[in-house]
Amino acid sequence: MSDDIFPVSEALKQSSYADNQRYLSLYQQSIDDPDGFWGEQAKRLSWSKPFSKVRNARFTPGDISIKWFEDGELNACVNCVDRHAKATPDKVAIIWEGDDPTQDKKITYAELLEQVSRLANVMREQGVQKGDRVIIYMPMIPEAAYSMLACARIGAVHSVIFGGFSPNAIADRVIDSKAKMILTADVGHRGGNLIQLKQNVDKALERDGTDSVEKVLVLKEAGNDNPWSKGRDLCWQDELAKASAECAAEAMNAEDPLFILYTSGSTGTPKGVVHSTGGYLLYAALTHHYVFDYHEGDIYWCAADVGWITGHSYIVYGPLANGATTLIFEGVPTYPDVRRIGQVVDKHQVNILYTAPTAIRALMAKGDLPAQDSTRSSLRILGSVGEPINPEAWHWYHDKIGNKQCPIMDTWWQTETGGVMITPLPGATDLKPGSATRPFFGIQPALLDADGNTLEGAVDGNLVICQSWPGQMRTVWGDHERFEQTYFSTYKNYYFTGDGARRDDDGYFWITGRVDDVLNVSGHRLGTAEIESSLVAHPAVAEAAVVGYPHDIKGQGIYVYLLPTDGTEITEELTKQVRQWVKDDISPIAAPDLIQWTHGLPKTRSGKIMRRILRKIAANEYEQLGDTSTLADPSVVDALIDNRKNR
Ligand code: WT7
């Protein structure tokens with residue numbers, strides 16, 4: 001593995017913001033003098049009131065508190081839009097590429113400012129005030145970005161919900177955040193399919209406890225006749241036409257929440273990850289600048305969805321704070337066919353492309369076809385995010401998409417971290433396929449054993465972060481105790497990532513995956529507890545256990561063990577029904593790949609399900625089941641194995 005090294009090219013060493021020497025010296029400075037380093041970096045943002053204090057953060061048990069630039073004031077929208085609209089009004093801020101390849105458009109910074117201001121005025125007129133929560137449930141169209149920025153402009157806290165989520169998932173988030181308003185569209189387009197967004201919102205708002213929502217602003221994309229709730233529903237186009245194109249921005253404290261983004265954990269329902277205005281924006285901007293080596297004039301494309309943190313930090317906030325041109329893609333890499341990514345790159349002359357291993361593996365399965373009919377010669381830098389990229393996929397991406405000319409930035413981070421944490425830099429880091437390499441400025445990773453001892457040298461361990469960084473989440477919305485419990489209770493005085501990692505002799509990090517009950521399916525995060533609770537709500541299911549198993553394209557697939565309720569007849573039809581149930585309840589992403597009915601689950605005598613065993617069986621690794629002597633009834637294991645082998 002150590003032979004497989006891709007050194008930094010001479011060209012990038014010269015042209016990039018940081019060669020290795022500069023990386024090392026900036027990194028050292030960021031660790032030795034965080035206040036000095038971040039105080040200086042914060043100058044890349046415009047502050048309406050300067051801060052006097054940089055960092056005030058402690059990971060002290062019982063008293064977790066994270067604050068950056070706490071007496072400074074700024075507005076995220078002004079930083080992402082106004083200052084560029086003033087300096088470079090005609091520069092393209094957003095290139096939009098539709099699901100339908102004949103559809104695209106360009107939005108300049110001046111146009112962006114106007115659209116965002118109009119929308120912000122509409123929201124204000126409808127009673128949205130600083131601190132109110134607004135849910136955004138939109139297709140991947142420029143209006144999704146306008147929505148986020150308009151919220152930021154008036155100090156409303158947005159919570160974007162991925163367009164693939166179900167009415168139930170929307171309702172959960174409305175109830176938890178007590179949102180006042182929802183921004184949506186009648187329909188969305190994805191991979192040639194129509195998604196009925198407005199209908200999903202209507203269904204969500206039928207649920208008890210959702211009456212905090214006073215208004216629903218609906219962009220009429222298809223102009224179809226949705227049922228219209230009078231007094232609640234408003235037409236986007238009509239309201240914006242009436243609104244003023246000028247809107248004063250709210251001065252926000254650096255620690256005011258910018259947004260909430262719900263994500264799955266190992267227990268309970270998804271939690272609202274809260275990100276701040278100042279620290280988050282600075283961290284998103286600085287990482288975007290260095291990791292993608294964004295230079296004036298570059299066309300930058302992050303092919304994520306704005307429903308995920310990657311879309312927040314690297315489609316919207318990071319690039320726009322840097323005055324970049326960011327491409328928003330409505331579609332999927334496989335529609336109309338697998339050549340789409342290359343075609344979009346050529347059409348818009350994309351220089352930097354950021355996507356996920358699951359997309360790369362899906363294309364890789366089609367051999368050379370994805371690289372046909374495009375040159376991709378404009379590309380300079382590639383990025384990867386969401387899960388470990390296996391060396392095979394790395395090489396395919398490097399060879400076929402990047403023509404062996406572009407280094408791959410394998411960026412490790414999380415919804416909670418706000419921005420990239422462990423990553424190569426284009427001009428500084430020699431690459432090893434499969435390794436996220438080294439920490440970004442200000443990040444001090446460490447590896448601990450199960451007892452919390454710090455491990456030195458080349459070793460495997462649990463990945464923790466020792467000190468706060470500006471992009472760190474501040475709390476769980478409405479539940480600071482859960483914040484502490486989830487991230488700071490496993491290891492005292494550290495932020496625990498939930499990931500395992502190996503450090504090699506060169507100090508490079510290799511992320512090995514989650515060590516908790518969180519699944520990573522096609523780069524999407526799902527809690528096993530969340531899927532289990534959906535399953536047991538089905539009348540035919542008495543008990544459910546969910547584990548991940550290796551899946552060629554998705555990275556991890558969802559393997560479900562089900563105990564039927566008494567008298568249930570197990571049929572193909574029922575299995576299908578159960579799968580559909582989870583799809584409807586959570587999202588198609590959460591649909592089980594394999595369902596195994598069983599009459600017993602391996603449990604300890606105290607009744608705890610032994611997932612370790614279920615994982616092994618799901619992975620077809622029967623020889624390494626480990627100690628089964630503590631099981632209440634060891635014979636269930638043999639039954640499960642027989643059943644698995646017969647599939
Ligand atoms: C989990 C976070 C960060 C945006 C996308 C996912 C896994 C993420 C990598 C990578 C290995 C990775 C981790 C992490 N992960 N990037 N480059 N190499 N693993 O955000 O949904 O919050 O999931 O994704 O397991 O904990 P998320």
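UniProt, in an unreviewed entry, lists residues 530-608 as "domain: AMP-binding enzyme C-terminal"; such annotations may be inferred rather than shown by experiment. The span is 27% helix and 32% strand, and its end C-alpha atoms lie 17 Å apart. Helices (H or I, at least four residues) and strands (E, at least two) are DSSP runs, numbered from the N terminus. The model is predicted: local features need pLDDT of at least 70, side-chain atom pairs count only at pLDDT 80 or more, and totals for chains, interfaces and linings use all residues. Residues are numbered from 1 along each chain as its sequence is written, and side-chain values use heavy atoms, without hydrogens and water.

**Helix α13**
- Helix α13 (residues 357-364) is largely enclosed by the rest of the structure, because seven of its eight residues are buried (under 20% relative accessible area, 1.4 Å probe, protein chains only).
- The buried residues of α13 pack against α12 (340-348), β18 (352-355), β19 (381-385), α14 (391-401) and β30 (555-564).

**Nonpolar cores**
- A nonpolar core is a set of buried Ala, Val, Leu, Ile, Met, Phe, Trp, Tyr and Cys residues joined through side-chain atoms within 4.5 Å.
- The largest has 179 residues, and Leu112, Met123, Leu149 and Tyr317 have the most contacts inside it.
- Apart from that core lies another, of 19 residues, among them Tyr559 and Ile641.

**Asp186**
- Asp186 is located in the loop between β8 (181-185) and β9 (188-190).
- A polar atom of the Asp186 side chain lies 2.8 Å from the backbone nitrogen of Glu221.

Note on methods: Buried means under 20% relative accessible area, exposed over 50%, partly exposed in between (1.4 Å probe, protein chains only). Contact means heavy atoms within 4.5 Å. A polar contact is a pair of N or O atoms within 3.5 Å; within protein, one must be able to donate a hydrogen and the other to accept it, and residues adjacent in sequence count only if both atoms are side-chain atoms.
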